[in-house]
Amino acid sequence: KRLKEPQLLHLAQAKCYAYIYAEQKNLEEIGVQMTYCNLDTEEIRRFQEVYTRAELKKWFEELVSEYEKWARYQMEWRAKRNASIKTVEFPFEYRDGQKKLVASVYRTILRKKKLFIQAPTGVGKTMAAVFPAVKAVGEELGEKIFYLTAKTITRTVASQAFEILRKQDLKMKVITLTAKEKICFCEETICNPDACPYAKGHFERVNAAVYELLTSTDEMSREVLEEQARKWNVCPFEMALDVSQWVDAVICDYNYVFDPNAHLKRFFGDGVKGEYLFLIDEAHNLVERGRQMYSAELCKEDFLAVKKLVKGEAPRFAKRLEACNKILLAMKKECENYKVLDNISHFGIQLMNVLSETDRYLEECVDKEVRETVLDFYFQVRSFLNIYDGLDENYVVYTEYQENGRFVLKLFCVNPAANLQKCLDKGNSAVFFSATLLPIQYYKRLLSTEKDNYAVYIDSSFDTKKRLLMNGVDVSTRYTMRSREMYQRYATYIFRVVKAKMGNYLIFFPSYRFMEDVYQEFTQLLASDEEEMELVVQEKHMDEEERENFLRAFEMGREKSLIGFGVLGGIFSEGIDLTNEKLIGTLIIGTGLPQVCNEREILKSYFDQKGLYGFDYAYRYPGMNKVLQAAGRVIRTEDDRGVILLLDERFQREKGKEIFPKEWADCERCRLDIVEEKIRLFWEKQTDN
C-alpha cells in the first residue's frame, strides 16, 4: 500500500528488455508494465509507462558505456595479471616435504578435487598452498582465491605470503575483509542513513570510489581502504565488499563463505557460483564452526517477552506468539534434562505464522527500543526456519533446560559435511590444511561428503633431538582423582620443570576452575621457596588489549622465568607464534576431552548409531586436537628447542597413542621424582650441541 512507484532497479531491468525488444521489432514506442504481488494477501499492484525507442536508446547506451569501462578494466587487468604470474617462482628454497605439498595442491586444483593436508609446523603450509593457487589462477584454472581462516593472526600470515610473491613483480590485488564492527567509522554500528553519515548517499558515490581505487593502486590494505572510504564519504565495510568482486584473492573468516546468515551473497547466494579456489587454513576448526553455523535454537522465554511487549497494540501478533508458546510449554513438561524429538512440523507451521506477523508489526512499529527487541527476535525466528527447511539425517532436534533455567528448542547440526559441501560446490576445488588434522578420516567425513578426496601427510623435518617430549604417568585430571593432593602434585611438576631451566613457559589446563586450584597451590609453593618467577594468567572474556598484554610479556627479555597459565582450547593454545627463546616449554594438563554435556552426549549417541565410535567423535578426537595444538606452540622453526610435557596417565592408553602424530613416537614416560633431572640433562645436551 505504500508503494507509489516501481523500484528503480526493477524498472531498469524492464527498460533494458524493452529497448532490446523495440530494436528487434522496429517499434517506435513500447509499453513497460511492472507488476508487484503481496505474497501473503496476493494483492496485485501494477505500474505502466510508455517509452519512445529514442529515449530508451539514449538511456541504454549511457548505461552500457558506464558498464563498458568496468569490463574493459577487468579484461586488461587479467591479461596483465596472468602475464606477471608466469614469471613468479617459489620464493624460498624448498623445505623437506614442501615441494610435495606444492605439487599436491596444484594437482588438486587442476583436477577440480579436494585435498586434506596434515603437515607439522615449520613446513611452510601457507606458502605451499598460496603459490600453486596463484599459478593456477594465471593458467585460468580458477578466477579467484578465497583464503579462509578462523583467526585474525592467520589472516596476517596469509597476507604476508601474497606480499612476498608481489616482490617478484606479481600483479595481484588481494583484500583482507575486516568485520563490520571493527572497521566501522561510527561509535555505534547502526547501518541506516539517518544514523550514519557514511550510509547516506553511499550507493551514489561507491562505484566511483571503487573504480578509482582499483585503477590507481594494487594495495588493498585496511589503511588504504579506510582512507578511500573517508575520501569518498562511503561505508568502509560495504566498499570493501564491492572491492572484493574485482580483486584476485580474498582473505577472510570462514563465515563469509559458509555461514548461511553471513555469507557473501554476491559470490555464494542461491544460483550463484564461480571459478573459486578455496584455501582453508587451520581446517580443524571448521568442524565446530560448521556445527555452530548450521544449527539454530529458540528460547521459550523469548516468545513470552515479545508477547508482553506487543499484546496491547498487536493482539493478532500476540495470539500467534501464544500458539508457539503453548507448543513449547507442552515440550517443556515432557523434558527432564534434554529430550530428542522426532518431528516438530506442528511448531514449524505456527512459527511461519509468527514470522509473517512479526514482519507486519515491524513495518508499523515506531518505538525504537521495542522495535530493536522484536527485530532481534525476528532474525532468530527467520534463521531457525531457514535451518528447519534444510533438516535432514545430519541433524538432531532436541529440547533442553539450560543452566540459567531457560528452556530451548535446538536444531543441532551434528555432521556439517553436507552443508559445507553445498558451499564448496560453488567453486572449483578446496584445500584443507592444518598442523593437526588427525585422524584424517574423521575430518574427511565431517568436512566433505565426497568419497574420492585426496589426502597427504607430510612428515616433520624438525630434528626431534631438539625437543624433549614426555608423559607424566603419575598424575590424572579424571574427576575421581581430583583433590588438593593432586593439585599440589601438578603445581610441583610445574615448579620442577621451570626450576630445571630458566625461561618462558605456557601451562594449559582443562578448565578455569582446575587452573585456579593449581595456581593457588603453585603460588604457595613459590612463597615457600627462594626461586623468583613471573606469572601471567588467562582471564575469562579478555578484550583485545588484555590478550596483547598477555602475549607481550613473552616478547620481553627478563632475568627470571615467566609462566603463562592458560586454558586448553582457548585463545593462547593455538594460533600464537612464539619462536626461539620466547617459549621453551609447554605443559599440557589433561587429555583435552570436552566436558560431558547434553550436546556431547547427543553427538556420541548419533555417531554410535551410525556404526562409528561415538566417544571418539564426541570426545577423544576433539580433545586430542586441542592437545596437539597446544603442544605446537613450542616448536615453530627449525632452530627452536623446547620441552613438551603431557601430564595425564590416560595418554598411555592405546586409544590415545594411536592418534599421536608419527613424530611423537619418541614420547618418554616420566614421574615427578625424575622430571627435573631429565629436563636438566636435555638442556645440557642442547648446550653441548
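A residue counts as partly exposed when its relative accessible area lies between the buried range, under 20%, and the exposed range, over 50%. Cys 667 has a relative accessible area of 21%, so this residue is partly exposed. The model examined here is predicted.

Cysteine pairing was considered next. A disulfide requires two cysteine sulfur atoms within 2.5 Å. By this rule, the count is 0 disulfides. Cys 191 is in no disulfide. The nearest cysteine sulfur belongs to Cys 235, 6.0 Å away. Cys 191 is exposed, because its relative accessible area is 54% and the cut-off is over 50%. Cys 667 is likewise in no disulfide. For Cys 667, the nearest cysteine sulfur is that of Cys 670, at 8.5 Å.

Aromatic rings were then examined. The structure holds 47 aromatic pairs. One of them joins Phe 146 and Phe 267. Their ring centres are 5.3 Å apart and their planes meet at 75°, so the pair is edge-to-face. Angles over 60 degrees fall in that class. This pair links distant parts of the chain. Phe 146 lies in strand β4 (residues 144–149), while Phe 267 lies in helix α11 (residues 265–268). The two residues are 121 residues apart. Both Phe 146 and Phe 267 are buried.

Phe 682 and Trp 683 form another edge-to-face aromatic pair. Here the distance is 5.0 Å centre to centre, with 70° between the planes. Phe 682 is buried, since its relative accessible area is 8%. Trp 683 has 10% relative accessibility and therefore also counts as buried. Aromatic residues also gather in a group: Tyr 442, Tyr 443, Tyr 606, Phe 607, Tyr 617 and Tyr 621 form one aromatic cluster.

Charged side chains also meet aromatic rings. Arg 230 lies over the face of Phe 185, 3.8 Å from the ring centre. The charged end of Arg 482 sits over the ring of Tyr 479, at 4.2 Å from its centre.

The nonpolar cores complete the picture. The largest nonpolar core has 136 residues. Within this core, Phe 258, Ile 280 and Phe 347 touch the most other members. Leaving aside neighbours within four places in sequence, Phe 347 is in contact with several residues, including Leu 298, Phe 303, Cys 324 and Ile 327. Leu 328, Met 331, Phe 384 and Leu 409 are also among the contacts of Phe 347. A second, separate core holds 38 residues. Among them are Phe 131, Val 137, Ile 145 and Val 456.

Terms used: Residues are numbered from 1 along each chain as its sequence is written. This is a predicted model: local features need pLDDT of at least 70, side-chain atom pairs count only at pLDDT 80 or more; totals for chains, interfaces and linings use all residues. Side-chain values use heavy atoms; hydrogens and water are left out. Buried means under 20% relative accessible area, exposed over 50%, partly exposed in between (1.4 Å probe, protein chains only). Rings of Phe, Tyr and Trp (its six-membered ring) pair if their centres lie within 6.5 Å; planes under 30 degrees apart count as stacked, over 60 as edge-to-face and the rest as tilted. Helices (H or I, at least four residues) and strands (E, at least two) are DSSP runs, numbered from the N terminus. A charge sits over a ring if NZ of Lys or CZ of Arg is within 6 Å of the ring centre and within 35 degrees of the ring normal. A nonpolar core is a set of buried Ala, Val, Leu, Ile, Met, Phe, Trp, Tyr and Cys residues joined through side-chain atoms within 4.5 Å. Contact means heavy atoms within 4.5 Å.
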